[in-house]
Amino acid sequence: MDPETCIEEHIEPALLRDFGLSETKSLLATATLAYVTAGGGKIRRYRAFLDSLAANERLLRKWGPERVSRQCEEWKDLVPLEPQPVVVIKDTSS
Amino acid sequence: MGLNSTPSMGRVQRIVLSPSLWLVIAMLLSGVILHYSAQLRSLPIPVHGEMELRRHSTERVLLILPIGYAAFALGPTAGLVSLAVAFLIMLPRVLFLSGSPADAATETIAVTLVGGLTIWLAWIKKSQEVLREKAATRLQAINSVSAVLTGSLDLRRTLGEALNVVLEVTGLEAGLIFVLDEKEADLTLVAHRGLPRAMTEGTTGLRLARVLVTDPALASQVAIPLKSKGETLGAMVVGESGDRRFQPEEVELLSAIAAQIGVAAENARLHRDVTRQLGRERRLNEVAEGITSELELDKVLSKVVQIAEELVGADAGVIGLVDETRGVIRYPYRHNLPEEMEQTRIPEGQGLASLVIASDAPAVIEDYYAYPHRIEAFAKAGLKSIMAVPIVTGGKVFGTLTVLTLKERRSFSDRDVTVLSAVARQAAIAIENARLYENMRSFAKQCLTAQEQERKRMARELHDDTAQSLVALSRQLDALLVNSEVERSSPVKARLRELRELAAQISQDVRRFSQALRPSTLDDLGLLPTLEGLTNRMSEDDHIDARLEVVGTPRRLSPEAELILFRIAQEALTNVRRHSGATEVVTRVEFTNGRVKLNVRDNGRGFQLPDQAREYVQSGKLGLTGMMERAELVGGTLTVHSSPGTGTTVEAEIPI
């Protein structure tokens, strides 16, 4: 999944549910600053975005470290580091 | 000078044309001639006979000169080239010609080592120069950015110019600067260069920031957070479309510039905050002034709603007031509310105002649509976000001040809540003042009513008892006058006649006094006949041409309004009789829609009016003050126009 799609379709709605509009915007703005200053490709920036969220005190206070860690890992998994190899299995029996 | 300057053809040309190069070449040629003088006998130069060198140590040593000169004058590279040439010059003699090859080889190695040492010294000197030059360049770049940043507090313009300087000194193609907005909820693109126009059309948005930094125009980039006092305020990204490896000193320079930009952004933010705070205080002062100069609650609270909207940047506002008698909340002061909301009746106990009044605490709903206790009609009318604070003073909650947005959802900060609460406190003071004023007015009304009742009672007693007793006395005196015994005594008869005339005079005075106290015609026939009687008596008794004019359709007014207008006319006509010296006075009553005007105009000597109505008391004009107070008791006004020699006009206007 594209990082941008992941942010808009998964991360933002999840934050909105628990934090409300203004708090969510603030969390995303801080994480976006990390994305902007991370350098590198989109995926590396996306990782920096998630790292910033994972270190955010407001998020940690409300969700607790375990949930933050688990949630960020889930979001990380949505955007794989490298393109997934496609394995074609040919039926050689015939 | 740019950080990324490289050797060019121009530099080579400068070296070729340099006299130092040719001097080095001449020194090397001289060395060749001296070193191989025996082998160069055919040349027309004086190297024969006694001048011929045999050990060749001297010219080897002399070859150090062009090496050193080239290293210091033309650079370490030129020194290395000279060293190589000198070595090649010395090598054939060492290998083929020298009678003492070991000595020759040792001397050649020694010359090469000394030459190398000289080149190393030259290289150190050159490196120091380069470092100094780079430091000067960095300092110059930082100074340039500083000059730009301290030139103005307009963040966009300042950061745009700063970005120009950064790109100029780094030789990069593109750059952008984002800053966090004041609520730290969005990134604003305040400056950008070298990026596609279509990409930068939006100026805010986190998505825009994420997209822009991965644009091909910034394929090689340096991104640095803008910080001030440890707080990140934004980011600066500079780069170019090609492949480029940034040197540490370049990153260091950009970091130094970014630190300066961070401080400038913080200064601009502080300046903006101070300016806004001043604006807010000015508007709050306006509210406070309005409250102290205006006792009409409607005007004050209507203004309060508008100012509250303006201060927090909302689209509409409303004040809800607790109606204690009916136990409900009324919303009499509304501004910019959509028609659908205006027409919606909020069920009792529902709505945000009830919640705020019950809790005596502010409430903010950023997404009204998602609010579980929303009123559907409001959501349909486009209500997006809402903030309400209690209007409270002295522990008593009067109602709520609410602002709302209709165009888009927004968050309200703690500062917004503080500002709205400050306005609400002013509104509470206004309501409290108005209530005190209303209580005072009600008390004054009660006093006047009691006074009028007492006058009425006294007038009736004078009319019914005293006047009747005087009539009885007059009749008895009449009876005595026709008595035969009295008829015979002229002195007694004269005395009785005098007594009867005196009784008649007292009776007339008592009737007049009774009329003045409270004319019975006012209750029985109304204002106009009573005023007519008043003016007629004035004409008869005081010989002043007094007239009554009526404009509009005459009609009976409320007993209170008729009494107040009568008392004003009575006081004005008394003033005319006592002080004006007028020969003519016109009393005019004008009936219009919803109002009655009473105008008493004389042609007397007039007088100098005090500058302000409140000075009437100090200048002894208690009658005028009383007239004003009576008019104000029923929500009316009274104005006096006069100046010496031009007569006086008293004009009262009251609502009916």
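Trainee: Which residue is the bridge partner of B:Asp545 in strand 11 of chain B?
Mentor: B:Glu584 is the bridge partner of B:Asp545 there. Keep in mind that this is a predicted model.

Trainee: In what sense do strand 10 and strand 11 of chain B pair, parallel or antiparallel?
Mentor: Strand 10 and strand 11 (residues 584-592) of chain B pair in the parallel sense, over seven bridges.

Trainee: And what is the strand order of the open sheet in chain B?
Mentor: The order is 10-11-12-14-13, five strands with mixed pairing. Strand 10 (545-551) and strand 13 (637-642) of chain B each have a single partner strand, so they stand at the edges with one side lacking a neighbour in the sheet. From one strand to the next, the twist averages 10°.

Trainee: Which strands does helix 19 of chain B lie across?
Mentor: Helix 19 (residues 559-580) lies across strand 11, strand 12 (595-602), strand 13 and strand 14 (648-655) of chain B, and runs at about 10° to strand 12. Helix 18 (residues 527-542) of chain B lies across strand 10 and strand 11, at about 160° to strand 10.

Trainee: Where is the kink in helix 1 of chain A centred?
Mentor: On A:Gly20, with a kink of about 125°. After helix 1 of chain A comes A:Gly39, with a positive phi near 75°.

Trainee: How many residues of chain B are in contact with chain A?
Mentor: 24 residues of chain B, against 15 of chain A. Elements giving two or more residues to the chain B side include helix 8 (206-212) and strand 3 (220-228). That side has 12 nonpolar, four polar and eight charged residues.

Note on methods:
Residues numbered from 1 in each chain as written. Chains lettered and ligands numbered in written order. Predicted model: local features only at pLDDT ≥ 70, side-chain atom pairs only at ≥ 80, totals over all residues. Contact = placed C-beta atoms within 7 Å. Helix = DSSP H or I, 4+ residues; strand = E, 2+ residues; numbered from the N terminus. Nonpolar A, V, L, I, M, F, W, Y, C, P; charged D, E, K, R; others polar. Bend = angle between axes of the 7 residues up to and from the residue. Pairing = 2+ DSSP bridges. Axes fitted to C-alpha atoms, helices over the stretch in contact; angles between N-to-C directions.
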